[in-house]
Amino acid sequence: MNALKFTAMLFLFSTPLIGQNVTVSDYDVPISKATILRLNGTYNWSQSSNDTLTIVTANNAAATLTLRSFYSSLPFAWFFDVDATGGKSYSDWTHDITIKPSIRKYIWDDKDWFGFAALDARHANTFKQIESDVQVGGGYGRYINATALAKAVRIEEHLIKEGVVKDHLSKETMIKIANIIDRESEFQGVYGVTYEKEWYEAIEKEIKDSGLLVGNSLGAIGILRMQEVLKGINEIVNPRYYGWDLNLGVLFNLSKRDKSPTDPPALAVSGEFSYPIGWSQQIDASASVNTPVDSTFFKQVGITAGINYLYEFSNKINFVAGYTLNYIAPVTGNSYADHALTASFVFYLENYVNLAINASMVRSGLTKLTNLGSNVSLQYNFF
């Protein structure tokens, strides 16, 4: 019986929506863009006391900020990522900020070959100066942001459940609706503060033209469900991507955190991909390898790799798990690897406020220490 239950759950988790006429990879658009800004904050306080003494055993605060912004078109693309953490433990303050801007220029409009340049800058409270590297090279591949199509699918789910449409809309209709969703900024520019009326009516027209609309309009419930998805009211649609790229370049060390002499140029190879599984699951992975271009070529090696898994249990509950590897092979001494496992449940409470329950396990190959941790965080999504 247990084996039967497990098989049924596995089938449920890995099977896309039955009857759905469109997949994530159907959304092949010439321009893809997205911006995500997230802020997490935690605070921990505790004390211990007896009849004569009271001791504060914990008084810690921490915050993390994540910014992911990119624009990808056939001839040109840019990316801008920021990861920042800060905190205070009693009277001690800490911070760790990483900024990674990059650009890529596609050589041919109808091909995926490109040249690129990327900067990686980091500073922490223990650094004497900013640590920075720049990489130039070429590569092949392309990412497509299909979040607009994911929103169209979520809207369709609501409309079917409410009896507003008779059946799943065709792939062509879904892609047209997604294109309209992607053009929100265009509607804002043309119609100003009242753009939502025109935006919703454009989507309604495509549903009408499909011949599957029940009645003559979406009605109040249809507009309400559409607004909940498009404006993130009481639910959120996670960013959905598909595609991959592979990069080969030369990495130049511009500055080191301890003001020591810079490292020689290094050969760097990296790749990343996103793979959607139906409309409720997604896998994202990345890896990079670098080695100095000198006498230590492939004698000194650094490898980083990571994989993340997302599962949307519902429009209000998500599960996210990840694994990262950092492997170092120095010229002298033993090589070592650091491992980190993370898992979290995210509950979307209202509009842009999320509650997350997180757990982590970090294994240091250098110190042989294993650290376990857990926390509860409150996140605010600016946009």
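Thr85 stands opposite Asp96 in strand 4, and this pairing is our way into the model. The model is predicted, so local features need pLDDT of at least 70 and side-chain atom pairs count only at pLDDT 80 or more, whereas totals for chains, interfaces and linings use all residues. Residues are numbered from 1 along each chain as its sequence is written, and side-chain values use heavy atoms, with hydrogens and water left out.

**Exercise 1. Follow the strands**

Task: Find how many bridges join strand 3 to strand 4, and in which sense they run.

Solution: 
- Step 1. Strands are DSSP runs of E with at least two residues, and helices are runs of H or I with at least four, numbered from the N terminus. Two strands pair if DSSP finds at least two bridges between them.
- Step 2. Start with strand 1 (residues 31-49) and strand 2 (residues 54-73), which are antiparallel and share 19 bridges. Gln47, for example, has Val56 as its bridge partner, and four residues lie between the two strands of this hairpin.
- Step 3. Move on to strand 3 (residues 76-89), which pairs with strand 2 in the antiparallel sense over 13 bridges. Here Thr66 is partnered by Asp83 and Leu67 by Val82; this hairpin has two residues between its strands.
- Step 4. Now the answer: strand 3 and strand 4 (residues 92-106) run antiparallel and are joined by 14 bridges. In their hairpin, with two residues between the strands, Tyr90 takes a positive phi near 55 degrees.

**Exercise 2. Check a helix**

Task: Work out what span the 12 residues of helix 3 should have at 1.5 Å a residue.

Solution: 
- Step 1. The expected span is 1.5 Å times one less than the number of residues.
- Step 2. For helix 3 (residues 171-182) this gives 16 Å, and the end C-alpha atoms are 16 Å apart, which agrees.
- Step 3. Next, look at Thr173, Met174, Ile177, Ala178, Ile180 and Ile181 in helix 3, which are buried (buried is under 20% relative accessible area, exposed over 50%, partly exposed in between, with a 1.4 Å probe and protein chains only). They cover an arc of only 160 degrees around the axis, so they sit on the same side of helix 3; the arc is taken from the directions from the helix axis to the C-beta atoms.

**Exercise 3. Trace the salt bridges**

Task: Decide whether Arg104 and Asp245 are buried or exposed.

Solution: 
- Step 1. A salt bridge is a side-chain nitrogen of Lys or Arg within 4 Å of a carboxyl oxygen of Asp or Glu. The structure holds 16 of them.
- Step 2. Arg104 and Asp245 form one, at 3.1 Å from N to O. Arg104 is in strand 4 and Asp245 in strand 7, so the pair ties together parts that are 141 residues apart in sequence.
- Step 3. The answer is that both Arg104 and Asp245 are buried.
- Step 4. Compare Arg154 and Glu312, whose closest N and O atoms are 3.5 Å apart. Arg154 belongs to helix 2 (residues 147-161) and Glu312 to strand 10 (residues 301-312), 158 residues apart. Arg154 counts as buried at 7% relative accessibility, and Glu312 counts as buried at 10%.
- Step 5. Finish with Arg183 and Glu186, a salt bridge at 3.2 Å from N to O. Arg183 is partly exposed at 34% relative accessibility, and Glu186 is partly exposed at 41%.
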